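Work through these exercises on helix packing. Have the sequence and the 3D view ready.

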Amino acid sequence: MTGDRNLQTLLAGMRPVQRGGEYVYVLWPHGRPLAGGVEAAVREAEGLTVVLPRAEADRQGLAYDFVGAWITLEIHSALEAVGLTAAVSKALTDARISCNVLAGFHHDHLLVPVADAPRALEVLAELSAQYSDVPRPELLLRNETPEDRDAILALTAEAFAISPATGLPAEGEPVEVKVLRALFDAKEYLPGFSVVAVLDGEIVGHVISTRGWVGEHELLGLGPIAVTPRLQRQGIGSALMKETIARANAAGESGIALLGSPDYYSRFGFVPAASFGVQSPEAVWGDHFQLLPLALWPGGVHGTFRYAEPFMLL
């Protein structure tokens, strides 16, 4: 069975999917029999390079530097196909993401830095969409309404079924759902900052920002933000973030605080809040508590951030 050679077909249908786990490149010890767990190998004059799961490398005491996420382009590309690697590499290069390419008989595989994997999947999905002949439904961003709330709570429960704090399945209803339900009825609720993403008539994402304070100075406290799992890493979360920031600037807000991954939220301009004199409610949050100073940031704001009351449930 031969693979596709047409570049547009390959780009439109490449369907990037991330394998589970982390992977490393190892220079295999000379003379040692090749053991299990090796996913790929290249023999050079200088020795044998292998790619294997990080856990396996640790178990065997093998040294490595690069730790990557493995992304497979799930379309059968012919080995004679021209341009796929170049197009993918350029898109990732433009996003400042390094990439190592492995070609298999059926698919091409990419190893990117672990921290860059979510963004790499977004970039590749955007690249694929540019070449698709099938019109994609337009993503609609609008204010949440009370009629939306059951759907919002359901998608939030699905999005947080695995706790981001522990990496384990949530026991019972995720705490984020409990907080969100309470935020809808809280005095700190701001109708213009509860935004849903709608795709083909279905609510597929939601973000909420509520009133918070540092002393008497008002800020926004963002979260939770959720995207239905099957559509994560497709740019919906980024669209919700950009919409929130645009609305906040238009409303004359001075800053947005949140708790989350610095690797992810730094792309929107968030920095550790402490660098602006704003301390997190919990010291253990460290640099994960972040702040985006907006156009009307006044400077001279110092103190501990206070979230809306329902966040005390956390």
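**Exercise 1.** Find which residues of α5 meet which residues of α6.

Solution. R149, I152, L153, T156 and A157 in α5 meet E176, V177, L180, R181 and F184 in α6. Contact means heavy atoms within 4.5 Å. Next, sort the residues of this contact: 6 are nonpolar, 1 is polar and 3 are charged.

The model is predicted: local features need pLDDT of at least 70, side-chain atom pairs count only at pLDDT 80 or more, and totals for chains, interfaces and linings use all residues. Residues are numbered from 1 along each chain as its sequence is written, and side-chain values use heavy atoms, with hydrogens and water left out.

**Exercise 2.** Describe how α5 and α6 cross.

Solution. Start with the axes: they come within 9 Å and cross at roughly 155 degrees. Therefore α5 is roughly antiparallel to α6 (angles over 145 degrees count as roughly antiparallel). Then take the hand: this crossing is right-handed.

**Exercise 3.** Which residues of α5 are buried, and where do they lie on the helix?

Solution. Helix α5 spans residues 149–159. Its buried residues (under 20% relative accessible area, 1.4 Å probe, protein chains only) are R149, I152, L153, L155, T156 and A159. Seen down the axis of α5, these buried residues fall within an arc of 165 degrees, so they line one face of the helix. They pack against α6 (175–184), β9 (194–199), β10 (202–214) and β11 (217–227).

Note on methods. Buried < 20%, exposed > 50% of the residue type's maximum accessible area, 1.4 Å probe, protein only. Helix = DSSP H or I, 4+ residues; strand = E, 2+ residues; numbered from the N terminus. Arc of directions from axis to C-beta. Axes fitted to C-alpha atoms, helices over the stretch in contact; angles between N-to-C directions. Parallel < 35°, antiparallel > 145°, perpendicular 65-115°, else oblique. Left-handed = near helix turned anticlockwise from the far one by under 90°. Nonpolar A, V, L, I, M, F, W, Y, C, P; charged D, E, K, R; others polar.
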